[in-house]
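Here is a friendly briefing for anyone meeting this structure for the first time. Take a look at the sequence and the 3D view, then read on.

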Protein chains: 6
Amino acid sequence: MNKFILTEKLKPLLLEDLQFGDLTSEAIFQASDIGEATITAKADGILSGSSIIPTAFSLLDPSINVKLFKNDREKLAEGDKIASIEGSIQHILTGERVILNLLQRMSGIATLTNQAISFLNSEHTRICDTRKTTPGLRGFEKYAVTCGGGYNHRNSVNDGVMIKDNHIAFCGSITEAVEKVRKTIGPMVKVEVETETEEQVKEAVAAGVDLIMFDNRTAEEIAHLIKLVPSHIITEASGGITMDTLHTYQHSGVDYISLGFLTHSVQGLDMSLNINGGI
Amino acid sequence: MNKFILTEKLKPLLLEDLQFGDLTSEAIFQASDIGEATITAKADGILSGSSIIPTAFSLLDPSINVKLFKNDREKLAEGDKIASIEGSIQHILTGERVILNLLQRMSGIATLTNQAISFLNSEHTRICDTRKTTPGLRGFEKYAVTCGGGYNHRNSVNDGVMIKDNHIAFCGSITEAVEKVRKTIGPMVKVEVETETEEQVKEAVAAGVDLIMFDNRTAEEIAHLIKLVPSHIITEASGGITMDTLHTYQHSGVDYISLGFLTHSVQGLDMSLNINGGI
Amino acid sequence: MNKFILTEKLKPLLLEDLQFGDLTSEAIFQASDIGEATITAKADGILSGSSIIPTAFSLLDPSINVKLFKNDREKLAEGDKIASIEGSIQHILTGERVILNLLQRMSGIATLTNQAISFLNSEHTRICDTRKTTPGLRGFEKYAVTCGGGYNHRNSVNDGVMIKDNHIAFCGSITEAVEKVRKTIGPMVKVEVETETEEQVKEAVAAGVDLIMFDNRTAEEIAHLIKLVPSHIITEASGGITMDTLHTYQHSGVDYISLGFLTHSVQGLDMSLNINGGI
Amino acid sequence: MNKFILTEKLKPLLLEDLQFGDLTSEAIFQASDIGEATITAKADGILSGSSIIPTAFSLLDPSINVKLFKNDREKLAEGDKIASIEGSIQHILTGERVILNLLQRMSGIATLTNQAISFLNSEHTRICDTRKTTPGLRGFEKYAVTCGGGYNHRNSVNDGVMIKDNHIAFCGSITEAVEKVRKTIGPMVKVEVETETEEQVKEAVAAGVDLIMFDNRTAEEIAHLIKLVPSHIITEASGGITMDTLHTYQHSGVDYISLGFLTHSVQGLDMSLNINGGI
Amino acid sequence: MNKFILTEKLKPLLLEDLQFGDLTSEAIFQASDIGEATITAKADGILSGSSIIPTAFSLLDPSINVKLFKNDREKLAEGDKIASIEGSIQHILTGERVILNLLQRMSGIATLTNQAISFLNSEHTRICDTRKTTPGLRGFEKYAVTCGGGYNHRNSVNDGVMIKDNHIAFCGSITEAVEKVRKTIGPMVKVEVETETEEQVKEAVAAGVDLIMFDNRTAEEIAHLIKLVPSHIITEASGGITMDTLHTYQHSGVDYISLGFLTHSVQGLDMSLNINGGI
Amino acid sequence: MNKFILTEKLKPLLLEDLQFGDLTSEAIFQASDIGEATITAKADGILSGSSIIPTAFSLLDPSINVKLFKNDREKLAEGDKIASIEGSIQHILTGERVILNLLQRMSGIATLTNQAISFLNSEHTRICDTRKTTPGLRGFEKYAVTCGGGYNHRNSVNDGVMIKDNHIAFCGSITEAVEKVRKTIGPMVKVEVETETEEQVKEAVAAGVDLIMFDNRTAEEIAHLIKLVPSHIITEASGGITMDTLHTYQHSGVDYISLGFLTHSVQGLDMSLNINGGI
């Protein structure tokens, strides 16, 4: 994660929890009471967002010192130390909740993504995300998907064309929709089409799109449809695929499987921050 | 949800997905292509966040017309129409994803809260949330908890004192921590203490705190400890309570059970937006 | 004052005075002309906001060095040196006015609060503020009240319930208003009721509110009414109390006296910044 | 006050008091409970900031209707109705405090300015303000000064040159300071010099500045010094002038007297908002 | 241009020119002085940004009425009326400069793009822009390029991969750079490579990139190199191409020519706003 | 340029190009890959904006080290090294485009201004800018004009009065317009009047304005009109003056010539950033 972007995005998130200040920590501690804290994993998983720890604490107090014991993308086992933090106890506790909220969510996403990859167990097919992210946290969540081994689909409606059923219906056909789009988009924009029938797959191929999405299809259906698609067109399976059915797509040959649940239904990875004592 | 606050909070969330514009919708539709869309529930649950629909669409296009068929706090059955939207198809599709992302998350939280209340099945004990919310969305998520029938714990570290183990350890005792806090806080601030032993409960009572939290306790332990607490002190059970163990707390007598998973591990409630056709 | 919050709040205040730059200082000085300046009290009072000096100057120029001779809450006598500042004269003069404007206002509030406490001269009764603060500066002003020895009432309409005459009239009675409120608020929220008659005080006690406010009452009236209130309910006198009448409340027994004039009618404490010379 | 600027500046001020919402008003009222309220003057003075009432309420709720009975710059007598507001009681009460805080402060400034003009009682000499305004509210406060009949000195350090003692000392003389400034400033910028001696006045005249400020001078001293200044140079008296000494400057002949206390030590003009009842 | 994005982007641009208000217009006119104004082209060109006129004026004053006589992408001849504006003269004049500054710049870009297309005079080759836009105005300027008939290259470094000489040098070869990139990017991201030699073109083809850019090449060189590139790879000529040399690329066969000067060296299209008189 | 203002203004400009991150640089480089880069002039001109280089890079990565070889206002010859940058190659390349876009634009403005001064070749007459700047970049562009040797006219409509034809027509005459303005403006505000006839010049002189602008006049006409204006009134020629006609104004005697094209039609000064290699 780019540190400048991270810094600017963390500011409003810290202020949301702080408002005018932390009543408890400011009543109990002096800013000059120094101590050491540890962030520890309380479950197994994949780490994501570790750079939030030093960045957020340095916003709250530049004199806080953070040592990271684990890097993003690394496996965490329950009990693993992720980071030690040395500095003002008041400021450490003030930042605790927001930092853990982000870190747990991101590590939860990385872990879930990694599980999906294991369940799929395919050498060819990649897992990717969708735009079903938490509003305001897209950058954090899309990065977390990559930490788990997944790939990012569109970051916004501005960096790729996705022609869906509503667009096709309005234009009359995939051919006409693609033609309309080609009139306005520039050279760096990819065009993907959502297909629901074999006819549509054929039409999309003929229209020369960059990606073809098979909407709500079983692995068998995809294995069949994919034969209609030349290798330079990327294929994507999307819709209705769960952790339980992922393994059936192992040999489907599809290039990407996009999973909305990676980001819209996150189980945070449990972590704790403990003060080890004063110094 | 206060509409002014909602409006100001929605703006950056819409811009996150839009960036410089919606390539697909702007290529396919004219702003003047008018149509009608419906938002439909695709699972059973409780609705929360319905005012986002008219507010977000009116930011995107003041001429879009939204009719709500369901109100917040109402039950949704799969297939229920939540809202119909009439206006520029381009602008409807541009807002679709962000609106659904929020609505599904909030309704997921409301639904989960409601399930927790059913599982607990207590006339006395209330369910409440924690600060383990998604950074940036605390206002949305805390409101969703209330739509499910739950209550809000602190909105920020600025509107209540919560004395935890780290504070107690630093001060030496609950008594000393409470005394220290009383020196600085004003008349509208409540003081809650986290307790881990019977001795601590007694000490907290003697210190005259406003709330006592039983940390990581079974229902039986709480039923015992609660006898030490006079009725004007509010009690809260927190930590380690799951959907599976909630029912054991039915007759524990505790005033509030706070559940971090209500907001940190949300399963979005599935919904869809479909264009019914042009007009 | 939390330094992170302070930094973020100071930025727009500095930019308000700077706009595109400081014409005079930039015309006269090079950024590299180094000098030393002193901030001096020009009247007796209580200091508040001293951390603004290093924080604001380090925003303008991280190489400026500030030494503080006085801490917040300390007494100032006319002529006392508050701080010395070493660094670019151009940048020191550019920040001078905004820093003094804030420091004088905050110290004025602290001084006034301290005078109020002296005039009241009560061992039991505390002075607190109201929401009659300068829009945009609530955090600064509420902190200044605590520097003078006062306490903070609500920080916002979001962190406490205050049932006033308009609410009571609408609900029909205090009892009904309190009941209505209890249905929605969480465990950390206190409920205060404004009372105007003895009947209302009794009703508020029966309704089990957390605080009872006596609106526009003399010390004698309060001494009488307070007997109706059990000790675990906090009492507050508010409305119509001036510096001149404060002493009459010395033995009234009320817990808090809230004074709007502490923040809405501030006499800034005079200070000056003088350049001692180049280095 | 320009309504666009006003709108953008009001937003953060309203959010400061609202945070996540108004607990009391939202618990007691439905947004659809309609009523009528009146804003009334509780003291004599001059009105300033009346456009804040409709602008702020329309941010909170565009369906609220405001009728203004008094315009800015008009005299208010205790008991005068300033405005009536019709609409959602919840939203009216939510905005009450911030609106009154601003209105009272601005009307207080207008009233004070007006008193200063009366005390001065001069046909020639104008009263003006300084940059000793409340950080964040300069636009509001400078406008209020004009409502009271005063004039605005610099809005920021960016729209005028003010050469003070520190600048003169650094450059060696007024002559050198003015020369230095002339090298960089453009045609629309005025240059003012602070003078402390007769020699400096003469030097400033010779240097061809646009304004000469007499610092900390009695009316008699000014009457003498002013004879040295040709009529096309504007003169200003500043420093140490109080309400009590203003009248002595009646015939001093100085063009402007600048008074820091107009904005740094404001006594808010008392006002109240009362709900007249439901509709 | 999406109106919501436009609105949010216009606000700071208007405030930049307004600061605390428009001294002249507010001194001369009452807000209620109504008049009519016309925006007229003072040179021939292509219109871009017309929606800025109603959007900006409605921010300044919702009661201002704008009628557009020309649409974006339309030809303008000197003297053509672009829009008439009816409403408060004060508010019309307050917005004039910022609106014209934007409109002239955008129309200048559209006109220049259109000229480039004419000079190129190719049925096959398209003109596109670069990221050499004015910081802060990328959305405005990229839209203006499309109004002139051009296409948009990357909107940001986040929506496409562009492998340049520095990247290739670091990785050792195009092949290695592309491999490295493929490991992290998702399915919607295109990869472009900058090539300087025939060897590099061949290597890029073998690496299977989406676009190949010929850096600083004459039309003849490109006509030769392009034979090495299969038709499903998009080609782009970039660097050193001027208005004078564009026509030589007419039959080069390259897909896109990107021109930095379209946005980094803009000649604004002259326009004026005239008040026709009061109403 | 004030560094604090610069920092705050650069943030959104960097984020505009970065969005969620730099796909290419983050795919190719580790943040820890260190190298050295040079910014070199590719054309002759005047440097402006050099402090953007260290300020922007330190936002992106505080460990990047920048050495400046040229200062603002200095002449650049093609091939001159402007700065060397040492640090993370990833972060250097991420900032490259935005920094160059600004630097080239500002240096282009400084160069153009300088050329205008050379072409004018007058000892008396100064060149100044207008408000025809790029929205959002006024501070940058006005500073660049001064680097080229020019002067700044108004920074905003808030720091000077400019009475134009529309105002005069509405008021009836220059005399009446000036009188109206004098009633509201403070002592630090200058009043300029646009004149189109000899009569108007005489009227403006009689009205005692601070500046008289000759609109669309030849040098000969101005040489004549200027005799009507006493020396303490500043004169400005504006409108219709081009690089080609500037020299004719050499001996016109006018104080300032304002040139809109200095900022509205900028030819960026070409520069490049090259990575010299790893370290």
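This is a predicted model: local features need pLDDT of at least 70, side-chain atom pairs count only at pLDDT 80 or more; totals for chains, interfaces and linings use all residues.

Residues are numbered from 1 along each chain as its sequence is written, chains are lettered from A and ligands numbered from 1 in the order in which they are written, and side-chain values use heavy atoms, with hydrogens and water left out.

**Where chain B meets chain A**

- On the chain B side 57 residues are in contact with 58 residues of chain A, contact meaning heavy atoms within 4.5 Å.
- The area buried between chain B and chain A is about 4,900 Å², and carbon and sulfur atoms give 55% of that. Buried area is the accessible area (1.4 Å probe) that two parts lose on being put together, summed over both.
- Four salt bridges are counted between chain B and chain A; a salt bridge is a side-chain nitrogen of Lys or Arg within 4 Å of a carboxyl oxygen of Asp or Glu.
- B:Arg131 forms a salt bridge with A:Asp17, and their closest N and O atoms are 2.5 Å apart.
- There are also 29 residue pairs in polar contact between chain B and chain A (both at pLDDT 80 or more). A polar contact is a pair of N or O atoms within 3.5 Å; within protein, one must be able to donate a hydrogen and the other to accept it, and residues adjacent in sequence count only if both atoms are side-chain atoms.
- Several elements of chain B each supply at least two residues of the side that touches chain A, among them helix H1 (3–18), helix H4 (89–120) and strand E7 (161–163). Helices (H or I, at least four residues) and strands (E, at least two) are DSSP runs, numbered from the N terminus.
- H4(B) gives the most to the side of chain B that touches chain A, with seven residues.
- By class, that side of chain B has 24 nonpolar, 21 polar and twelve charged residues. Ala, Val, Leu, Ile, Met, Phe, Trp, Tyr, Cys and Pro count as nonpolar, Asp, Glu, Lys and Arg as charged, and the others, Gly among them, as polar.

**Where chain E meets chain A**

- Here the contact takes 25 residues from chain E and 25 residues from chain A.
- Chain E and chain A bury about 1,900 Å² between them, with 58% of it on carbon and sulfur atoms.
- E:Pro187, E:Met188 and E:Lys190 supply 42% of the area that chain E buries against chain A, more than any other three residues.
- The side of chain E that touches chain A divides into ten nonpolar, seven polar and eight charged residues.

**How the copies are related**

- The same surface serves both copies, since 100% of the contact residues of chain B recur in chain A.
- Chain E is superposed on chain A by a rotation of 180° with 0.0 Å of shift along its axis (RMSD 0.0 Å). Copies are superposed by least squares on the C-alpha atoms of residues with pLDDT of at least 70 in both.
- Of the residues of chain E, E:Asp159 comes closest to the rotation axis, at 2.7 Å (C-alpha).

**Two domains in chain A**

- Chain A is assigned domain 1 (3–112 + 268–275) and domain 2 (117–264), with bounds that come from an automatic or database domain assignment.
- Taken over C-alpha atoms, the centres of domain 1 and domain 2 of chain A are separated by 35 Å.
- Domain 1 and domain 2 of chain A bury about 1,300 Å² between them, 70% of it on carbon and sulfur atoms.
- A:Arg73, A:Ile109 and A:Leu112 supply 46% of the area that domain 1 of chain A buries against domain 2 of chain A, more than any other three residues.
- One salt bridge is counted between the two domains of chain A.

**A residue in chain C**

- C:Ala207 is found in helix H8 (residues 198–207) of chain C.
- Not counting residues up to four places away in sequence, C:Ala207 touches C:Val178 and C:Arg182.
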